[in-house]
Amino acid sequence: MSGSTLSSVTNALRILRLFTPKRQELSFTDIVRHTNLPKSSTHRMIATLVKEGFLSKNPRTNHYRLGLAILRLGGVIFSHRELYKEALPIVKKLSETLDESAHICLLENMDVVYLFRVESRHPDRLLTQIGRKNPIHCTSEGLCILAFQDKRTTQKLLVSELYPYTPYTITDPNDLRALIADIQKNDYCIMKDTYYENYTSIAAPIRDYTGTVVSSLSVIGHSSRITEKKQDMFIKEIQNAAQKISRHLGHY
């Protein structure tokens with residue numbers, strides 16, 4: 001992809017991101033003002049977005065709004081969420097059994113995204129709200145998915161700059177390689193103090209009907225509750241729940 005093409009794609013995405021629930025329609029002048037792009041190139045990009053269905057023009061106001069193509073893409077995401085909703089009772093039961101917050105997570109580029117969250121009765125609230133993105137290298141839920149991706153994806157993380165969120169964050173590529181190998185062997189990941197000090201997270205992979213790891217199931221809680229004596233029990237419960245969700249996705 002050439003630099004000019006990449007720039008055009010970036011600018012088109014900038015235009016689409018201008019639309020929000022509170023700002024559902026924008027005039028051509030509004031778009032130019034918010035993006036600070038030249039009028040000529042803005043006009044061309046809007047025309048292309050309209051042609052492809054990502055924008056439409058309100059004939060009454062002559063303002064632009066998101067088109068049906070966006071709705072179709074949103075429908076794909078919604079159906080994805082609906083698929084996992086069938087597994088939500090399993091996540092709830094796991095959370096109740098372990099008395100800790102449980103999550104279903106996905107990878108998005110070099111971040112882990114929280115698709116579902118079932119909260120425990122404990123007052124501690126971590127930054128794992130639905131839709132939130134967290135780094136991969138210091139989260140069990142992220143590494144548990146990454147470990148089963150292709151080598152190119154794994155290598156992309158290993159050569160990137162790995163930020164030390166705590167004194168215990170693993171930032172050495174060789175240490176991460178060893179950890180990834182352990183995850184592949186044991187089919188789970190456990191991390192302690194690597195993103196939040198005094199918190200432990202344990203995750204197991206979720207597989208679809210092809211056997212591909214597409215997400216992870218994780219439990220996160222204070223290390224005073226997820227003690228070393230309890231970890232084996234936690235791992236077994238999380239793995240069993242992850243296998244049940246995998247069966248919902250057609251994996252046997």
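In what order do the 6 strands of the open sheet stand? The order is 5-4-3-8-7-6, and the pairing is antiparallel. Strands (E, at least two residues) and helices (H or I, at least four) are DSSP runs, numbered from the N terminus. Two strands pair if DSSP finds at least two bridges between them.

This is a predicted model, in which local features need pLDDT of at least 70, side-chain atom pairs count only at pLDDT 80 or more, and totals for chains, interfaces and linings use all residues. Residues are numbered from 1 along each chain as its sequence is written, and side-chain values use heavy atoms, without hydrogens and water.

Strand 5 (133-135) and strand 6 (189-192) are at the edges; each has a single partner strand, so one side of each lacks a neighbour in the sheet. Strand 3 (residues 101-108) and strand 4 (residues 111-118) run antiparallel and are joined by 7 bridges. Leu106 has Val113 of strand 4 as its bridge partner.

Two helices lie across strands of the sheet, in contact with them (heavy atoms within 4.5 Å). Angles run from 0 to 180 degrees between N-to-C directions of axes, which are lines fitted to C-alpha atoms, for helices over the stretch in contact.

| Helix | Strands it lies across | Angle |
|---|---|---|
| Helix 5 (residues 88-98) | strand 3, strand 4, strand 8 (213-222) | about 130° to strand 3 |
| Helix 9 (residues 228-248) | strand 3, strand 6, strand 7 (199-207), strand 8 | about 30° to strand 7 |

Elsewhere, the axes of helix 2 (residues 28-35) and helix 3 (residues 39-51) come within 10 Å and cross at roughly 115°. Phe28, Ile31 and Val32 of helix 2 make the contact with Lys39, Thr42, His43 and Ile46 of helix 3.
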